[in-house]
Amino acid sequence: MKKQLLFKAMLALSAALILSVAWMVSQRSVKAAPPSESSITGTVKLEGTPPHQRPIDMSKEPACAAVHKANPVTTENVVVGTDGGLKNVVVYLSEGWSGPETAVSSTPNWEQHGCQYIPHVMGLDVNEHFKVINSDPTSHNIHPMPKPGGPNHEWNKSQPAGAPPIDTSWPAEEVAIHVKCNIHPWMSGYMVVVKGPYGVSDDSGSFKVDGVPPGNYTLTAWQETYGAQTQKVTVAAGKPATANFTFKAK
Amino acid sequence: MAKLFAVTIVVIAILSAIPIVRNTWHPMEDISTHGQAIDDQLSETMWEAGISFLASQIILAWFIWRFSGTKLGEKTKNFPGGAAGLVAAAFILVGLEVFALGIFGVKAWANIYFTQPAANAMPVQVQSGQFAFYFRYPGPDGKFGPLHPDLINEANQNIFGLDPDHDPESKDDIVTAEMAIPVNREVRLLMHAKDVSHSFYVPALRIHQDFVPGLDLQLHFTATKVGRYEIVCSQLCGLGHYNMRAYLSVLSQEDFDSWLKKQATLQ
């Protein structure tokens with residue numbers, strides 16, 4: 001009888017010990033609740049007939065003209081895809097963002113290829129590094145032209161064929177910095193420097209702004225010919241928000 | 001030693017003259033109607049300078065040879081008239097030579113600059129700007145629309161600063177990055193610079209004219225052979241000067257007409 005009681009007691013004690021240890025282990029690391037970041041998606045459209053984009057003749061630079069022989073290029077001031085989607089529109093949070101200025105961790109490339117800038121329009125965060133690459137067999141002279149007298153300083157650098165990438169960043173917001181090449185007059189692009197997350201619309205006009213915590217924001221969409229439009233957007237926890245923009249062709 | 005030096009001078013002089021006399025490095029074939037006078041001028045200059053060069057080197061070598069063993073203090077012959085005579089002779093000889101070249105060259109210059117273009121010369125405008133040449137044809141109305149420099153926007157391909165919405169004469173203007181002209185047709189080239197000084201140089205056409213910012217310049221010429229030629233900027237204009245060029249196509253009248261039609265559709 002005594003032995004049986006002792007055995008039962010020991011069993012109960014072991015169970016209790018195991019359970020308590022298990023509970024202690026489960027309490028070992030208490031993580032904070034995951035941030036309920038969400039995203040804002042949408043489409044930018046152009047209403048009306050887009051202005052005629054003029055063809056570019058690169059005959060003074062035969063190496064680049066050869067790249068485009070099969071697909072002639074035009075200016076890219078207004079690029080409209082199927083269904084009226086407007087490309088190269090930068091969408092960002094102009095009001096309401098309280099996070100770090102530099103919210104992205106990538107180092108995008110600004111490429112000079114076939115004597116064109118790829119991408120034609122690039123979104124950037126303040127102090128976000130980007131790399132200027134020359135993949136053409138000819139020299140380029142990259143010349144960004146921020147607002148004179150402003151916190152972003154104008155510079156131009158020659159980049160011969162095969163030169164290493166130029167790694168740099170912009171210290172201040174600016175919508176937008178026009179970039180040209182001093183050697184090839186038809187080259188044109190824009191760098192849009194903002195704070196916080198941003199997205200750039202693609203061929204179909206679709207954009208996505210990632211990493212947006214819940215809150216109320218003013219969303220701005222900027223296009224190089226049509227300027228900026230704003231919209232108020234509320235982002236709920238864990239639920240993606242939608243915002244669409246329509247620009248009118250003049 | 002001095003005699004060896006004298007011989008070396010003569011050898012070098014003769015060796016340098018040989019490729020010039022044999023025309024080893026000759027200029028491009030002349031495809032213009034006015035170029036012959038320029039080529040003749042170049043030829044005459046080379047002959048005059050060449051003969052003077054050979055003569056002076058040989059005379060120098062002879063003097064070195066003749067007086068190489070002379071003892072110090074020995075009297076040498078004096079040039080008649082002394083130093084003054086020598087200077088006067090040099091003055092007259094060189095002066096006559098330069099004067100002669102000037103007289104022969106006047107015709108080459110006048111052919112280009114002091115003659116008026118024919119009444120039916122085809123006008124083409126060229127604008128030079130860092131670092132490309134762009135051209136404008138007046139289109140069917142035969143008139144060039146006005147230029148508005150404040151409207152120049154290369155990103156939009158408005159190179160000349162035209163305002164077709166407000167200037168009817170600009171509506172049919174044809175702007176191109178390549179120049180084409182019909183063969184055997186006189187062309188009147190209207191030139192201006194957008195920014196700094198450049199130069200329009202087509203070696204085969206014997207045309208070489210600087211652009212001076214602020215000046216509107218004119219040239220006229222006729223091309224006599226079909227082909228594709230390079231227009232190079234030959235006035236240092238900045239870091240892209242080495243890359244500043246355009247292509248000139250001399251075409252048959254038919255080919256030119258279809259080229260112009262195609263360019264009109266690309267506006």
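1. In this predicted model, the C-alpha centres of domain 1 and domain 2 of chain B lie 38 Å apart. Domain 1 of chain B is made of two stretches, 2-67 and 82-113, while domain 2 of chain B covers 122-265. Where the two domains touch, domain 1 of chain B gives 10 residues and domain 2 of chain B gives 9 residues. On the side of domain 1 of chain B, these comprise 4 nonpolar, 4 polar and 2 charged residues.

2. Helix α1 of chain B runs through residues 2-21, and its 20 residues reach 29 Å from the first C-alpha to the last, which is close to the 28 Å expected at 1.5 Å a residue. Because the number of buried residues among the 20 of α1(B) is 1, the helix lies largely in the open. Just after α1(B) comes Asn23(B), which takes a positive phi of about 60 degrees.

3. Turning to chain A, 4 strands form an open sheet in the order β12-β2-β14-β15, with antiparallel pairing. The strands at the edges are β12 (198-200) and β15 (227-235) of chain A, and each has a single partner strand, so one side of each is left without a neighbour in the sheet. From one strand to the next, the twist averages 30 degrees.

4. Within this sheet, strand β2 of chain A (residues 90-95) pairs with β12(A) in the antiparallel sense over 3 bridges. Val90(A) stands opposite Val200(A), a residue of β12(A).

5. Finally, the contact between the chains takes 15 residues from chain A and 18 residues from chain B. The side of chain A that touches chain B has 5 nonpolar, 7 polar and 3 charged residues.

Conventions. Residues are numbered from 1 along each chain as its sequence is written. Chains are lettered from A and ligands numbered from 1 in the order in which they are written. This is a predicted model: local features need pLDDT of at least 70, side-chain atom pairs count only at pLDDT 80 or more; totals for chains, interfaces and linings use all residues. Two residues are in contact if their C-beta atoms, placed from the backbone, lie within 7 Å. Ala, Val, Leu, Ile, Met, Phe, Trp, Tyr, Cys and Pro count as nonpolar, Asp, Glu, Lys and Arg as charged, and the others, Gly among them, as polar. Helices (H or I, at least four residues) and strands (E, at least two) are DSSP runs, numbered from the N terminus. The expected span of a helix is 1.5 Å times one less than its number of residues. A residue is buried if 20 or more other C-beta atoms lie within 10 Å of its own, exposed if 12 or fewer, and partly exposed in between; C-beta atoms are placed from the backbone. Domain bounds come from an automatic or database domain assignment. Two strands pair if DSSP finds at least two bridges between them. Axes are lines fitted to C-alpha atoms, for helices over the stretch in contact, and angles run from 0 to 180 degrees between N-to-C directions.
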